[in-house]
Amino acid sequence: MTWIDSTRVAVAGLGDDEEVMRPGARIFDTTRTGQDDPWCPTAAVELASFEGPSGQFFSDGTCLFSGGDAEGTGGLSAWDPGTGRLLGVVPGFFPTQHHPGAGQFVEIAGDAVRVWTA
């Protein structure tokens, strides 16, 4: 999970069962509430959901970044959280940390530290 900006949050995974969760993102607006569930009347409104993002989530205040899964293929990817469109991929780079002010992502790879600047 990560905050995209001051009102939107991205939550990883698509599906209702943790055992069979698919890679993806669900985007919620925390300033709007839905009244559909009587047990949770203050639930944030879901704005979008889309398949693809996996691993740790990050944001620069505009885009959603996903760190990818080092066990699979891909790498750091950038997504438009409004449309779910993939904006780009940094293949083979799997960051675990993000410095929003510097726009830098960091990956620890063995005894090396790799940095990529957005």
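**Nonpolar surface and core**

Ile108 is placed in strand β10, residues 104-109; strands are DSSP runs of E with at least two residues, numbered from the N terminus. The model is predicted, and local features need pLDDT of at least 70, side-chain atom pairs count only at pLDDT 80 or more, and totals for chains, interfaces and linings use all residues. Residues are numbered from 1 along each chain as its sequence is written, and side-chain values use heavy atoms, with hydrogens and water left out.

Ile108 counts as exposed, at 55% relative accessibility (exposed is over 50%, buried under 20%, partly exposed in between, with a 1.4 Å probe and protein chains only). Together with Val113 and Val115, Ile108 forms a nonpolar surface patch with about 290 Å² of accessible area. Such a patch joins nonpolar side chains (Val, Leu, Ile, Met, Phe, Trp, Tyr) within 5 Å, from residues with over 30% relative accessible area and no salt bridge (a side-chain nitrogen of Lys or Arg within 4 Å of a carboxyl oxygen of Asp or Glu). Areas come from the Shrake-Rupley method with a 1.4 Å probe.

The largest nonpolar core has nine residues, including Ile27, Phe50 and Trp79; a core is a set of buried Ala, Val, Leu, Ile, Met, Phe, Trp, Tyr and Cys residues joined through side-chain atoms within 4.5 Å. Strands β3 (22-34) and β4 (43-51) each give two or more residues to this core. Apart from this core lies another, of eight residues, among them Phe58 and Phe93.

Beyond four places in sequence, the contacts of Trp79 include Phe50, Leu64 and Leu86 (heavy atoms within 4.5 Å).

Technical notes
Helix = DSSP H or I, 4+ residues; strand = E, 2+ residues; numbered from the N terminus. Patch = residues over 30% accessible without salt bridge, like charges linked within 9 Å, V, L, I, M, F, W, Y side chains within 5 Å.
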